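Subject: Structure handover

Hello,

I am passing the structure on to you. Please look through it first; my notes follow below.

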Amino acid sequence: MTVTQTGTDTGTFAGTHSGLAGRLGDSVARPDGVPKAQGSFQFAGDLTADGFLWGATLRSPHPYARIVRIDVSGAWRINGVEAVLTAADVPGKATYGLISHDQPVFASDYVRFQGEAMAAVAADHPDTCRRALAAIVVEYEVLAPLTDPERAIDGSFPPIHPDGNVVRHQRIVRGDQSIHGPVVVEGTYELGRQDQAFLGLEAALALPAPGGDGVELHVATQWLHEDRKQIAACLGMPDEKVRIVLGGVGGAFGAREDISLQVHACLLALRTGRPVKIQYDREESFHGHVHRHPCTIWMRHHAGTDGTIRRIEARFVMDGGAYASTSSAVLINAVTHTQGPYRCDHATVDGWAVRTNNLPSGAMRGFGVVQAAFAHEGQMDKLAAAVGLDPVEVRLRNAMRTGDHLITGQEIVNVAPVARLIQETAALALPTEPVGGHDHDPMRLPGGAGRTADERHIVRGIGWGVGIKNLMYSEAFDDYSTARVRVADGVATVKFATVEVGQGFVTIVGQIARTVLGVEEVVIDSIDTEIGSAGSTSASRQTWMSGGAVEGACRLVRERLFEHVAELHDLEAVQLEIDGTDVVDTLGSLRMSVAAATAGIVIDETFEHHHPATEELDELGQGNCHTAFAFVAHRAVVDVDPELGLVKVVQIATAQDVGRALNPLSVVGQIEGGIAQGVGLAVMEELLQVDGIVKNATFTDYLVPTFLDMPDVVISLVEEPDPHAPMGAKGVGEPPTVSSTPAVVAAIRDAIGKDLHRVPVRPSDICS
Amino acid sequence: MSEFYVLHVNGAAREVRDAAAGESLLFVLRERLGLMGSKGACEQGECGSCSVLLDDQLVCGCLVLAAGAVGQRIVTIEGVAPLGAPSDVQQAFVDAGAVQCGFCTPGLIMATHSLLERSPAPSEMEIREELSGNVCRCTGYGRIIDAVQRVAVARRGAQ
């Protein structure tokens, strides 16, 4: 059985020719760009197969209830229904999860959040599926939901899950706990629930092997091998019976790191013996994936009268929702980034990630550090005001440098140009746009198309945010990556399981191979589980980890090539190097093209790239738990209508520590896109739940920034190649989201002279 | 419930058989005619991923009843340019870095062609306003605006 291809482009990356010229450092265009622009690139939701069925999922209407009875007989009576599955039909492990396996494939005893999966159907048409789901009768005993994270901590609410209501508690205690003042500033900061809101909705096509002896799943995901492990366990199959092929991914931002429809699609395909496609709609997507953790953070900074930080106290409460997902790792990221990119040797931090009957929380771009940054940057502005410094000066006085330490005791060994980032951002030109906008155009006023603001009332503010973000996975996890490079007749074929979500890994693969090997043509093989893991496309890690794997495999191939050429020409391999597209003898006259040198031979090498081992934190939160760090600075300019509570973000200026920009155009794209999500969190994005019920699971009511909401972005790429990073390049995806949000909020505070402690900032927060 | 009608898509008459009466143009284009270039991301007219031209008007395919489009000229992303021979707008999006995940791209290509037909030299504000019905979650829009401006400049130069 094969997947139907529409048009002539394969859409997936199989056979994609990365044939455009361009080496490391060039702004090479995407190899998949033309198919994407022509609509012929196949996303997971575009896949079909002969005789495929549609799958759909029954979801709980209640945030917390005991399931008394499920009667699926009504669904079976509908023509066109081919399968109806509940928990009783899961042949293997009944639960899954990224860190702890605490989430049921289908709820059977209790539902713990609104939208939890309870059953799945397969039928001949999406409408048949909808009618079948409506015909399933579920009798519930509705229970009062746990929605207040503090009640999970204080133990006043009975456990809503056998694993208890606390997912993780972590303290950090460092240095002299008696330090107090002389300057003390404190605040409590809250962040609402942000949704990743990728455009390409969850979708997968499952193809059963003959006789049900295995399954092939084409899916939009972030981590093929982790999906396979969890799916195989639930199916009761060995891993090798489950093949995962990357379907085209329409954005991810963390929301595809957890299992959503994968197991359901495979179960339906195996039960019916036919291909099954599941495609969520937007409302189901909002319920069907994890979100950024809502979080409340209290911080108290003790500082000298010169503004230098002496000690930080903090308490983090993160709402993990109904299932654990990555909550324990998100918590560790949050608490270990308490100080931000500033020196601090004395700290007392208490962090909680708890279970509630809200939507499950997990990975989203910035992964815990977004939350920490909103608090520490609010504190830096309070500190500046308390000691009479401006926001830039207080940050410069505390700016972290290479060799400084986190409050975990970990030394920052990476390039850490924090002061330079702040200075370069400050040097970027402020907007020329006058307060209230150019040309008296009402579209440029806060509220834009609403045309409600009065130009005379508009006030402008400027605010700062500076961030630190860990790169790669932490706490002793070996998130290695694997790549295989095969060169024959001048063409390099690169194989990896690295998920391309839009970030452009497939672009730099060609750049790496051309630079290291001197080949002109690079072919990217199918992205699937037929090679070792690449780890997840998350944590700003794929350029470093999978880029490093591709570079490592290319270097192995190059060594073999040099040995081959040296033997033919009676030279030493060490004399040879790649110059452009030629192999040259640095001590003699030999020069031949790589194409000629590889004619008629095949060199095939695989490389596994591991980063140095990290440690678990101890009870006092001490340990070298992170792999590497990147830094960023943001300055925001906003116009505010204080009477209407409306904000227009006019400009974001940023300098980012990128190590080395392997593809400057791609880096700019990551920075602008990450800032858009940071601006969204600052002023508009929140998935609301009241008593556990989701209130705005549509794009009409959950607002993401449009063309009219996005400010001008001015960028300075700070390139200080990191000696610890392959090719000197740091990951660039997350830092833009980390401190753009606090910069915008600081600018609003500056404009209206009012303390704002919650994001997104609502009109009522400004007006009240 | 079962319907038969003919749609004029990208210059060809396409028969639609056995469709349910309430199917959207987006659903019929994708699931019955196999034209997968138009995308669905909200199905309520908020994101523009399904943008197509209906008698030269830019519409959201998810908001149009397929059966109601009988007799109108429908142009989808597949009708913009032959595969492998991208239009100036499509090529500019690729060259300018306006494409990341690419899910919003077909809709934005349709909207940009429509905009530049009506307004060959749009201001930045006009680009922002005209394209504000198309949501992109990856790019932050900067490179898309650049792509549109590149096409406008190139077309003027070619005149």
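Helix H13 (residues 542–569) of chain A lies across strands S23 and S24 of chain A, at about 115° to S23(A). Angles run from 0 to 180 degrees between N-to-C directions, with axes fitted to C-alpha atoms, for helices over the stretch in contact. Helices (H or I, at least four residues) and strands (E, at least two) are DSSP runs numbered from the N terminus.

This is a predicted model: local features need pLDDT of at least 70, side-chain atom pairs count only at pLDDT 80 or more, and totals for chains, interfaces and linings use all residues. Residues are numbered from 1 along each chain as its sequence is written, while chains are lettered from A and ligands numbered from 1 in the order written.

S23, S24 and S25 of chain A form, in that order, an open antiparallel sheet of 3 strands. Strands pair if DSSP finds at least two bridges between them; S23(A) and S24 (residues 582–585) of chain A have 4 bridges. Asp579(A) is opposite Asp582(A) in S24(A). S23 (576–579) and S25 (591–593) of chain A are the edge strands. Twist averages 30° from one strand to the next.

Chain A meets chain B through 50 residues of chain A and 43 of chain B. Contact requires C-beta atoms, placed from the backbone, within 7 Å. H15(A) gives the largest share of chain A's side, 8 residues.

Regards

How values were computed: Contact = placed C-beta atoms within 7 Å.
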